[in-house]
Amino acid sequence: MSDNQNANAMGSALAGGAIAAAVLERLFDKGIFTLDESRAILQSAMKSIAPVIQSPEGLFAYRLIGDLQRGKFSARGQNK
(Lines give C-alpha, C1' and ligand atoms only; values in the text may rest on other atoms or scores of the structure.)
Protein backbone atom coordinates (compact mmCIF):
# COMPACT_ATOMS: atom_id res chain seq x y z
CA MET A 1 0.00 0.00 0.00
CA SER A 2 1.37 3.42 -0.90
CA ASP A 3 1.82 6.16 1.67
CA ASN A 4 -1.14 8.01 0.17
CA GLN A 5 -3.37 4.93 0.29
CA ASN A 6 -2.27 4.25 3.85
CA ALA A 7 -3.06 7.84 4.86
CA ASN A 8 -6.47 7.60 3.19
CA ALA A 9 -7.24 4.33 4.96
CA MET A 10 -6.16 5.76 8.30
CA GLY A 11 -8.20 8.92 7.73
CA SER A 12 -11.26 6.86 6.83
CA ALA A 13 -10.86 4.76 9.98
CA LEU A 14 -10.48 7.84 12.16
CA ALA A 15 -13.52 9.52 10.61
CA GLY A 16 -15.62 6.38 11.03
CA GLY A 17 -14.59 5.94 14.63
CA ALA A 18 -15.21 9.58 15.47
CA ILE A 19 -18.66 9.49 13.89
CA ALA A 20 -19.58 6.22 15.62
CA ALA A 21 -18.44 7.50 19.01
CA ALA A 22 -20.34 10.76 18.55
CA VAL A 23 -23.53 8.94 17.55
CA LEU A 24 -23.25 6.55 20.50
CA GLU A 25 -22.68 9.45 22.89
CA ARG A 26 -25.58 11.48 21.48
CA LEU A 27 -28.01 8.55 21.64
CA PHE A 28 -26.93 7.86 25.21
CA ASP A 29 -27.26 11.53 26.21
CA LYS A 30 -30.78 11.65 24.74
CA GLY A 31 -31.79 8.56 26.70
CA ILE A 32 -32.32 6.48 23.57
CA PHE A 33 -29.62 4.02 24.67
CA THR A 34 -29.26 3.01 28.30
CA LEU A 35 -25.86 2.65 29.92
CA ASP A 36 -26.13 -1.12 29.57
CA GLU A 37 -27.00 -0.86 25.87
CA SER A 38 -24.15 1.56 25.26
CA ARG A 39 -21.70 -0.73 27.04
CA ALA A 40 -23.01 -3.72 25.06
CA ILE A 41 -22.29 -1.84 21.83
CA LEU A 42 -18.75 -1.12 22.99
CA GLN A 43 -18.31 -4.78 24.04
CA SER A 44 -19.43 -5.87 20.58
CA ALA A 45 -16.92 -3.49 19.02
CA MET A 46 -14.14 -4.92 21.19
CA LYS A 47 -15.09 -8.46 20.13
CA SER A 48 -14.91 -7.46 16.47
CA ILE A 49 -11.38 -6.10 16.99
CA ALA A 50 -10.15 -9.13 18.95
CA PRO A 51 -8.96 -11.04 15.84
CA VAL A 52 -6.51 -8.23 14.99
CA ILE A 53 -5.47 -7.26 18.51
CA GLN A 54 -1.93 -8.51 17.84
CA SER A 55 -1.38 -5.66 15.37
CA PRO A 56 -0.44 -2.20 16.67
CA GLU A 57 -3.58 -0.74 15.08
CA GLY A 58 -5.82 -3.42 16.57
CA LEU A 59 -4.35 -2.98 20.04
CA PHE A 60 -4.70 0.80 19.80
CA ALA A 61 -8.36 0.51 18.72
CA TYR A 62 -9.08 -1.98 21.50
CA ARG A 63 -7.58 0.37 24.07
CA LEU A 64 -9.56 3.35 22.77
CA ILE A 65 -12.81 1.44 23.13
CA GLY A 66 -11.76 0.41 26.63
CA ASP A 67 -11.14 4.06 27.46
CA LEU A 68 -14.74 4.85 26.45
CA GLN A 69 -15.99 2.07 28.72
CA ARG A 70 -13.98 3.41 31.65
CA GLY A 71 -15.00 7.02 30.94
CA LYS A 72 -18.44 8.25 30.01
CA PHE A 73 -19.82 4.71 29.79
CA SER A 74 -18.39 3.50 33.10
CA ALA A 75 -20.42 0.86 34.90
CA ARG A 76 -19.61 2.65 38.17
CA GLY A 77 -22.01 5.41 37.24
CA GLN A 78 -19.36 8.04 36.52
CA ASN A 79 -20.91 8.78 33.15
CA LYS A 80 -22.02 12.37 33.53
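Trainee: Are α2 and α3 roughly parallel or roughly antiparallel to each other?

Mentor: Two packed helices are described by the angle between their axes together with the distance between those axes. In this predicted model, the axes of helix α2 (residues 35-49) and helix α3 (residues 56-70) come within 10 Å and cross at roughly 170 degrees. Since angles over 145 degrees count as roughly antiparallel, α2 and α3 are therefore roughly antiparallel to each other. The crossing in which α2 passes α3 is left-handed.

Trainee: Which residues of α2 meet which residues of α3?

Mentor: From α2 come R39, L42, Q43, A45, M46 and I49, and these meet G58, A61, Y62, I65, G66, L68 and Q69 in α3.

Trainee: How many salt bridges does a search of the whole structure find?

Mentor: The search finds three salt bridges. One of them joins K72 to E25, with the closest N and O atoms 3.6 Å apart. This pair links distant parts of the chain, given that K72 lies in the segment after α3 whereas E25 belongs to helix α1, and the two are 47 residues apart.

Trainee: What is the mean pLDDT of the protein, and which elements have the lowest and the highest mean values?

Mentor: The mean pLDDT of the protein is 91, and 95% of its residues reach 70 or more. Among the elements, helix α1 (residues 3-29) has the lowest mean pLDDT, at 92, while α2 has the highest, at 96.

Conventions:
Residues numbered from 1 in each chain as written. Predicted model: local features only at pLDDT ≥ 70, side-chain atom pairs only at ≥ 80, totals over all residues. Heavy atoms only, no water. Axes fitted to C-alpha atoms, helices over the stretch in contact; angles between N-to-C directions. Helix = DSSP H or I, 4+ residues; strand = E, 2+ residues; numbered from the N terminus. Parallel < 35°, antiparallel > 145°, perpendicular 65-115°, else oblique. Left-handed = near helix turned anticlockwise from the far one by under 90°. Contact = heavy atoms within 4.5 Å. pLDDT = per-residue confidence, 0-100. Salt bridge = Lys/Arg side-chain N within 4 Å of Asp/Glu carboxyl O.
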